[in-house]
Amino acid sequence: MAITSANQLELLQTAEAVAREKMIDPDLVIQAMEESLARAAKSRYGSEMDIRVAIDRKTGRASFTRVRTVVEDDAVENYQAQLTVAQAKQYLDNPAVGDTIVDEVPPVDLGRIAAQSAKQVILQKVREAERDRQFEEFKDRKGTIINGVVKREEYGNIIVDVGRGEAILRRTEKIGRESYRPNDRIRAYIKDVRREARGPQVFLSRTDPQFMAELFKMEVPEIYDGIIEIKAVARDPGSRAKIGVISYDNSIDPVGACVGMRGSRVQAVVNELQGEKIDIIPWNEDQATFLVNALQPAEVSKVVIDEEGGKIEVVVPDGQLSLAIGRRGQNVRLASQLTGLDIDIMTEQEESERRQAEFAERTKLFMDSLDLDEFFAQLLVSEGFTSLEEVAYVDMDELLSIEGVDEGTAEELQARARDFIEAQNKAALENARALGVEDSLVEFEGLTPQMVEALAKDGIKTLEDFATCADWELAGGWTTVNGERVKDEGLLEKFDVSLEEAQTLVMTARIQLGWVDPAELESADGEEETEEEAEA
């Protein structure tokens with residue numbers, strides 16, 4: 001095919017037609033044509049030449065030019081596309097490095113192979129432009145619901161026609177055993193949009209908790225308007241779900257608004273989710289109150305929160321345990337996801353037995369260490385004393401407030417407690433030194449001899465060793481493994497060292513060793529505070 005006046009306008013008409021069909025910029029199609037014609041010309045004149053093609057956007061005329069660049073004498077690598085300053089003098093009056101010489105060359109005739117190659121280039125460019133358009137269209141729709149039509153099924157994954165592109169609903173993102181046929185209408189949540197080697201991929205989901213939240217937003221005008229906010233969502237797809245809502249208007253009941261007249265609003269969401277049962281729960285800033293609501297329909301007797309460990313203990317009446325846990329642990333699992341806490345559920349009887357065991361353990365501690373009879377030891381535990389340190393160093397008035405304890409008895413109790421602690425410290429220090437602990441760690445302020453002994457047993461024998469520890473290694477913490485929270489025992493956890501105290505101890509050691517500049521630390525803290533204030 002020769003580029004003649006007869007088919008010059010056809011180029012523009014073809015570009016317009018392709019652009020309309022693929023909904024892309026016509027100029028991108030013309031650029032693809034220019035590139036394909038340039039490639040065909042190179043195969044005719046030589047691949048080493050720098051042949052460029054420009055198609056006039058009005059007339060459709062294609063002009064073929066050969067471009068040569070002026071380079072340094074020792075930089076010539078391609079004699080067909082480059083020339084030296086001396087060689088360029090026969091074409092330019094005063095040539096300089098970087099100048100270009102442009103010569104027009106005769107148009108080429110596209111043979112059958114060249115025409116096919118040109119067609120492939122155009123198709124490739126059009127596909128790339130189409131992918132870019134699809135990515136730009138869907139990237140801002142991530143986190144929203146989209147309606148589509150099922151095109152086909154591939155290995156359990158559903159390919160969905162979403163208008164100006166395709167999306168994929170993986171089999172793991174389908175509710176239960178949902179099945180679809182071609183041309184079925186489907187509604188799904190756009191979970192992710194990302195570029196991949198074969199083009200932009202739009203990933204859909206019907207199991208994501210936010211899918212349910214977006215459905216409620218569509219059904220409940222108060223949520224869409226921001227009067228009611230969905231604070232937390234937890235789902236067991238196809239079976240049961242819990243959603244925490246709060247109203248910013250005292251005259252509107254958030255639960256009632258989400259349920260709707262005769263349950264019309266929540267029923268619309270339930271129908272879309274294949275009959276998934278939904279518990280709508282009033283959200284509360286107080287974690288304990290929110291958890292009591294989240295465990296409905298079970299009754300809760302008592303809640304004990306361990307904020308540092310991120311755990312919560314819930315005590316329920318003996319007959320409510322199975323209801324609180326739910327079938328296969330579903331109720332407590334969803335409540336845990338909703339609150340973000342690990343929940344331990346026990347009956348009132350189990351809690352009573354545990355408290356009795358703790359009471360007996362502390363009683364025995366005071367009996368053995370302070371040489372007290374059982375009645376007096378139980379009296380101390382009943383008054384809230386849990387450790388020898390509390391007895392030894394508490395204000396004298398607290399001991400005197402115990403019925404039957406006079407000043408002499410209180411002094412004797414504290415003396416015995418201090419003597420026992422000192423003996424423990426001495427023994428711990430001797431064991432630590434026997435293990436090879438250096439004075440730098442023994443004399444470090446903030447560590448007791450028992451702490452030093454515990455560190456030494458784990459191989460930490462110098463201040464340098466201690467300074468390399470992470471705060472969670474000392475205080476303990478929680479990590480998530482395969483979706484379950486697992487406890488990491490800290491070296492100093494049994495001494496009630498909190499994460500903040502561990503951070504302070506480690507940072508103090510690093511400052512003493514000169515690893516950290518206190519001034520830089522203060523400036524960094526100041527910057528963090530400024531950022532927090534700015535965010536607020």
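In β11, K242 is the bridge partner of A234. The model is a predicted one.

- Strand β11 covers residues 240–247 and is joined to β10 by 8 bridges, the two strands running antiparallel.
- The open sheet has 3 strands in the order β10-β11-β12, with mixed pairing.
- β10 (228–236) and β12 (277–282) are the edge strands; each has a single partner strand, so one side of each is left without a neighbour in the sheet.
- On average, neighbouring strands of this sheet are turned by 20° against each other, direction ignored.
- In general, strands of a sheet pair through backbone hydrogen bonds, in either a parallel or an antiparallel way.

**A helix on the sheet**
- Helix α5, residues 209–219, packs on the sheet and touches β10, β11 and β12.
- The direction of α5 makes about 140° with that of β10.

**Helices α9 and α11**
- Helix α9 (residues 287–294) packs with helix α11 (residues 330–339) at an angle of about 145°, and their axes are 9 Å apart.
- The crossing of α9 past α11 is right-handed.
- On the α9 side, the contact is made by F290, L291 and A294.
- These residues meet N331, A335, L338 and T339 in α11.
- By type, the residues of the contact between α9 and α11 comprise 5 nonpolar, 2 polar and no charged.

Notes
Residues numbered from 1 in each chain as written. Predicted model: local features only at pLDDT ≥ 70, side-chain atom pairs only at ≥ 80, totals over all residues. Heavy atoms only, no water. Pairing = 2+ DSSP bridges. Helix = DSSP H or I, 4+ residues; strand = E, 2+ residues; numbered from the N terminus. Axes fitted to C-alpha atoms, helices over the stretch in contact; angles between N-to-C directions. Contact = heavy atoms within 4.5 Å. Left-handed = near helix turned anticlockwise from the far one by under 90°. Nonpolar A, V, L, I, M, F, W, Y, C, P; charged D, E, K, R; others polar.
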